[in-house]
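The structure is placed here for reference.

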Amino acid sequence: MNNNASGSSSSGSFSLMNLCVRVIFDGNNFNDWICNITMVTRYEDKEYVLDKELKEIDINTATPKEIAAFEAYECDATKVHCIMLATMTSELQKSYEDMYPYEMHQDLMYWYHQSVRQERYEIIASMITTRMGSGESLTAHLQKMQRYADRLLKLNVNFDEELAIDI
C-alpha cells in the first residue's frame with residue numbers, strides 16, 4: 001500500500017515532466033518551450049519564480065517570516081531551474097546552469113526577443129482580423145478573444161484602456 005501511494009505521487013510528477021520534455025529547447029523553439037515551462041510551473045504554483053527576482057536577505061536582521069519566504073522561494077527556484085535545464089539541449093544547459101530561473105527567463109527573453117515580437121505581431125493581427133463565425137456562439141468567440149488577450153499579457157503587452165476598447 002505504501003508503495004502505491006508513493007508511486008502515484010511520483011507518477012504525477014513524472015507526467016508533468018513528460019509534458020515538459022515534449023519540447024526540448026534548442027534555440028529555435030523558444031515560444032513552444034516557454035509555454036510548456038509556464039504550464040508546468042503554473043500547475044505547481046511556482047510560476048512566480050520566472051517573474052520575480054530573488055532578493056538576498058540579511059539573515060541577522062530578517063524576520064522569521066522573511067527568512068521562511070526566502071527559503072521557500074529558493075526551494076521553488078531550484079525545482080524550476082532543474083525543470084528548465086532538463087528541457088534544454090546540453091549546449092544551452094551549460095550556458096544557464098549557474099542562473100536562477102528569473103535570470104534565465106530574462107536572458108532568454110533578451111536573446112529570443114525577435115521570436116516573441118513575431119508572436120506578439122501574429123496575435124495582434126489575429127485579434128484584429130478575427131470575426132465571429134456564422135453559427136459560432138458569442139461565448140466561444142469571447143473566450144477566443146480572451147485567450148489572445150491573456151497571451152499578450154504574458155508577453156508583457158499592455159494596452160491602455162482606450163486601445164483595448166477599440167480592439
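Against which helices do the buried residues of H4 pack? I find that they pack against H2, helix H3 (48–51), helix H5 (90–96) and helix H6 (101–111), where helices are DSSP runs (H or I, at least four residues) numbered from the N terminus.

I note that this is a predicted model, in which local features need pLDDT of at least 70, side-chain atom pairs count only at pLDDT 80 or more, and totals for chains, interfaces and linings use all residues. Residues are numbered from 1 along each chain as its sequence is written, and side-chain values use heavy atoms, with hydrogens and water left out.

Entry on H4. I looked up its buried residues (under 20% relative accessible area, 1.4 Å probe, protein chains only); they are Ile67, Phe70, Tyr73, Asp76, Ala77, Val80, His81, Met84 and Leu85.

Entry on H2 and H4. I recorded that H2 (residues 30–43) and H4 (residues 64–86) pack at an angle of about 150 degrees, with their axes 11 Å apart. The two helices are therefore roughly antiparallel, a term for angles over 145 degrees. The contact (heavy atoms within 4.5 Å) is made by Trp33, Ile37, Val40 and Thr41 of H2 and by Val80, Ile83 and Met84 of H4.

Entry on Asp45. I located Asp45 in the loop between H2 and H3. Although Asp45 is not a glycine, its phi is positive, at about 60 degrees. Is Asp45 buried or exposed? With a relative accessibility of 63%, Asp45 counts as exposed, the cut-off being over 50%.

Note on methods:
Axes are lines fitted to C-alpha atoms, for helices over the stretch in contact, and angles run from 0 to 180 degrees between N-to-C directions. Angles under 35 degrees count as roughly parallel, over 145 as roughly antiparallel, 65 to 115 as roughly perpendicular and the rest as oblique.
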